[in-house]
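Open the model in your viewer and keep the selection tool ready. We will go from one stop to the next.

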Amino acid sequence: MPLGEVEGIVDSLHNFDLKAVGDETWMRQHEYIYQLNMQAVAETGGQTTENVRDVFCNSEKMPVLIHEAICTEVWKQYVFPELLKLDITPTTTFPLYIVLYHEAVVVNLLETLLFHADACESAADAILDLLDYAYRKIVKLIASRECGEETAEISDDFKVLQQQQKDLDFDICIKAISLMLYIIGHVSLLPLSVLTRLLNTHNVPILLVELVENPPWSRQSQAGCLEKYTNSKWQQVLPSEQLVLTKTEGQLRAHINEVVIEQIPSLVELQRHLEHLAIIEPPPTKQQLILEQVPEMRSSLMQQYKSKWRTLAEQQAALLLQQSQQDLLKCSRGLASAYNIDAMEGMLADAPKCVVCGSEARKRCSRCRNEWYCGRECQVKHWRKHKLACDLMITAT
């Protein structure tokens with residue numbers, strides 16, 4: 001993507017209100033953010049000039065991305081459940097899935113950009129909103145592991161969609177760990193209120209200890225094998241590789257022992273510092289008046305739409321669940337252009353996986369060329385679910 005195109009797209013980004021989620025202009029911004037996300041990933045992996053990062057930092061548009069993540073989070077928490085309760089038979093759930101997927105796209109772009117200190121600085125006061133956002137996601141990740149998640153009775157039309165939401169939410173929560181750690185890593189460049197909120201308001205160090213002690217990115221499969229969540233999917237870990245750190249474990253430093261220090265030698269100094277802290281007395285606390293900044297994005301949305309979630313869901317039901325064939329085709333054309341399959345293939349680090357069983361795929365749908373399969377058996381099994389999306393992609397192109 002040329003630099004001029006990146007600048008034009010970033011300049012067009014703006015904050016959306018909750019009631020606009022899913023409409024035509026919102027969908028167009030989703031397409032733009034998706035394209036920027038894929039471009040940012042390609043620039044990072046290709047060791048080329050990171051135009052997306054530079055443009056975001058210079059245009060002061062980082063707060064818009066943060067607002068997009070929080071706005072979608074609020075929508076999913078309060079409006080989406082009300083939509084599921086409506087006595088409506090959906091003609092399609094495709095637009096609804098795009099809204100659910102939007103948060104994952106935004107968070108992935110934020111994760112790519114905020115690795116760099118200048119991107120964190122360019123977020124300005126909105127970094128507090130992102131800090132709270134990441135904190136909520138990490139708490140949700142820990143709570144869902146300890147208590148499980150309650151699911152309400154819903155119609156068959158929404159069961160697949162609800163499972164997709166669950167999978168997307170888990171991936172978002174894992175990426176929120178990276179967001180939190182990037183903020184911590186660049187805290188010396190950020191407002192003092194960020195450090196106050198990290199230590200006093202949320203006590204983030206204790207939260208991270210819980211993640212290290214009970215890592216949600218590790219699990220035992222039904223066959224009794226160890227699996228770890230890496231590169232947005234669960235992968236089996238061979239016995240010889242069980243002590244190898246994943247990206248998330250490396251960021252958290254995990255338990256500092258000889259095996260970890262061998263993989264991350266820079267932790268030697270940290271280990272000495274922690275041993276020193278363990279034997280000194282903490283300084284006495286001082287009582288004094290403290291003024292600090294507070295995040296505003298989520299509280300503003302909550303205040304504006306308090307007790308209006310049902311009304312908002314009813315207003316958006318026709319747009320998200322009962323689109324006409326003509327409107328659906330129009331939406332699909334824009335998404336087909338943004339989701340350039342051939343361009344994305346060049347960015348894949350691993351071979352494509354079968355959408356049904358997860359094994360290595362050798363074939364893909366010959367009509368839309370979008371879904372991958374290991375063989376004909378899985379393709380036939382998936383056709384009933386894939387048919388509508390396949391028809392839309394063919395018509396759109």
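Start by selecting Tyr78. This residue is partly exposed, with a relative accessible area of 23%. Here, buried means under 20% relative accessible area, exposed means over 50%, and partly exposed lies in between (1.4 Å probe, protein chains only).

A word on the model before you move on. It is predicted: local features need pLDDT of at least 70, side-chain atom pairs count only at pLDDT 80 or more, and totals for chains, interfaces and linings use all residues. Residues are numbered from 1 along each chain as its sequence is written, and side-chain values use heavy atoms, leaving out hydrogens and water.

**Stop 1: a ring pair**

Trp309 counts as buried, at 12% relative accessibility. Why is the pair of Tyr78 and Trp309 stacked? The ring centres are 4.6 Å apart and the planes are at 15 degrees, so the pair counts as stacked. Rings of Phe, Tyr and Trp (its six-membered ring) pair if their centres lie within 6.5 Å; planes under 30 degrees apart are stacked, over 60 edge-to-face, and the rest tilted.

Now colour by helix. Tyr78 lies in helix 4 (residues 62–85) and Trp309 in helix 15 (residues 309–321), so the pair ties together parts that are 231 residues apart in sequence. Helices are DSSP runs (H or I, at least four residues), as are strands (E, at least two), numbered from the N terminus.

**Stop 2**

Select Tyr34, Tyr97 and Tyr101. Ring pairs link these three into a cluster. The whole structure holds 9 aromatic pairs.

Next, pick Arg219 and Trp234. The charged end of Arg219 sits over the ring of Trp234, 4.1 Å from its centre. To count, NZ of Lys or CZ of Arg must be within 6 Å of the ring centre and within 35 degrees of the ring normal.

**Stop 3: Ser122**

Go to helix 6 (residues 117–122), where you will find Ser122. Is Ser122 buried or exposed? Ser122 counts as buried, at 13% relative accessibility. A polar atom of its side chain lies 2.8 Å from the backbone oxygen of Ala119. Show what surrounds Ser122: leaving aside neighbours within four places in sequence, Ser122 is in contact (heavy atoms within 4.5 Å) with Phe56, Cys57, Met62 and Pro63.

**Last stop: the whole chain**

Zoom out. The protein chain has 18 helices and 5 strands. Of its 397 residues, 45% count as buried.

Conventions:
Polar contact = N/O pair within 3.5 Å; in protein donor to acceptor, adjacent residues only side chain to side chain.
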